[in-house]
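This briefing sets out what can be read from the model shown below, grouped by topic.

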Amino acid sequence: TARLAKALQLTLAVVKPDGMAHPLVLEALHQKILDNSFVIVKCKDLAWKKQDSEKFYVEHAGRFFYQRLVEFMSSGPMRAYVLAREDAVSHWRELMGPTKVFRAIYTSPASLRGQFGLTDTRNTTHGSDSMESARREIGFFFPEFSVEAWMQQEEPAFR
Ligand code: RTP
Ligand code: MG
């Protein structure tokens with residue numbers, strides 16, 4: 001029904017290069033997807049050139065961590081997911097844990113960053129921080145996918 005589709009949100013989740021290099025990150029992430037009733041709408045592996053990285057993180061241009069961030073994000077393979085769930089954006093952020101690794105370990109040891117984060121930059125995963133960011137970021141990673149069209153379905157369909 002339309003009600004079902006309206007309750008759903010989409011978010012973008014990305015396993016960053018450090019997460020792809022760790023043998024347990026994908027397993028832990030998939031377990032969280034299952035335990036929390038997320039649906040995987042899209043999934044793909046990709047790798048960025050430095051220009052992709054700079055474009056995606058343009059809002060952080062000039063910050064002290066920008067250079068290492070863009071180099072890190074173009075240093076190896078990534079896996080991107082479009083995830084659907086009620087309240088997907090904030091729920092996924094919760095499962096990732098805080099950005100900074102000390103805070104993640106200290107306040108959310110069971111989160112992905114709490115378990116696997118290496119540094120404040122090499123923090124395992126990305127998750128959109130709002131529905132607006134999710135729309136922009138899903139478009140960046142999956143240009144062929146239409147969030148609008150997906151959301152307008154009477155109920156989620158998988159073709
Ligand atoms: P994201 O956008 O990736 O979900 O992360 P976030 O909202 O939790 O953090 P944000 O402040 O938007 O920063 C984006 C990414 O930049 C790297 N970062 N490094 N102090 C540092 O070294 C630092 N601060 C941020 C992280 O990879 C962070 O996810
Ligand atoms: Mg952010």
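His 126 is the residue that UniProt, in an unreviewed entry, lists under "active site", and in this predicted model His 126 lies in strand 4, which covers residues 125-127. His 126 counts as buried because 21 C-beta neighbours fall inside 10 Å, where 20 or more are required.

- The residues around ligand 1 are Phe 65, Leu 69, Thr 99, Asp 120, Thr 121, Asn 123, His 126, Gly 127 and Asp 129.
- Sorted by class, this shell around ligand 1 holds two nonpolar, five polar and two charged residues.

- Thr 99 is found in the loop that joins helix 6 (88-96) to helix 7 (101-107), and with 15 C-beta neighbours inside 10 Å it counts as partly exposed.
- Arg 113 belongs to helix 8, residues 112-116, and is buried, with 25 other C-beta atoms within 10 Å.
- Beyond its neighbours within four places in sequence, Arg 113 is in contact with Met 96, Gly 97, Pro 98, Val 101, Ala 104, Asn 123, Thr 124 and Thr 125.

**Backbone features**

- Most residues other than glycine have a negative phi.
- Thr 124, although not a glycine, has a positive phi of about 75°; Thr 124 lies in the loop between helix 8 and strand 4 and is buried, with 27 other C-beta atoms within 10 Å.
- Ser 37, also not a glycine, has a positive phi of about 55°; Ser 37 sits in the loop between helix 3 (25-35) and strand 2 (39-47) and is exposed, with 10 other C-beta atoms within 10 Å.

**Overall fold**

- The secondary structure of the protein comes to ten helices and four strands, which follow one another along the sequence as α-β-α-α-β-α-α-β-α-α-α-β-α-α.
- The UniProt annotation "domain: Nucleoside diphosphate kinase-like", from an unreviewed entry, covers residues 8-149; this span is 46% helix and 21% strand, and its end C-alpha atoms lie 13 Å apart.
- The radius of gyration of the protein is 15 Å, which agrees with the value near 15 Å that a compact globule of 159 residues would have, and the C-alpha trace spans about 45 × 35 × 25 Å along its principal axes.
- Of the 159 residues, 28% count as buried.
- Among contacts with a separation of 6 or more, 70% are accounted for by residues 24 or more positions apart.

**Confidence of the prediction**

- The protein averages a pLDDT of 94, and 95% of the residues score at least 70.
- The scores for the model are ipTM 0.93 and pTM 0.94.

Terms used. Residues are numbered from 1 along each chain as its sequence is written. Chains are lettered from A and ligands numbered from 1 in the order in which they are written. This is a predicted model: local features need pLDDT of at least 70, side-chain atom pairs count only at pLDDT 80 or more; totals for chains, interfaces and linings use all residues. A residue is near a molecule or strand if its C-beta atom, placed from the backbone, lies within 6 Å of it. Ala, Val, Leu, Ile, Met, Phe, Trp, Tyr, Cys and Pro count as nonpolar, Asp, Glu, Lys and Arg as charged, and the others, Gly among them, as polar. Helices (H or I, at least four residues) and strands (E, at least two) are DSSP runs, numbered from the N terminus. A residue is buried if 20 or more other C-beta atoms lie within 10 Å of its own, exposed if 12 or fewer, and partly exposed in between; C-beta atoms are placed from the backbone. Two residues are in contact if their C-beta atoms, placed from the backbone, lie within 7 Å. The radius of gyration is taken over C-alpha atoms; the globule rule is 2.2 Å times the number of residues to the power 0.38. pLDDT is the predictor's confidence in each residue, from 0 to 100. UniProt positions are given in the numbering used here, feature names are shortened, and annotations may be inferred rather than shown by experiment.
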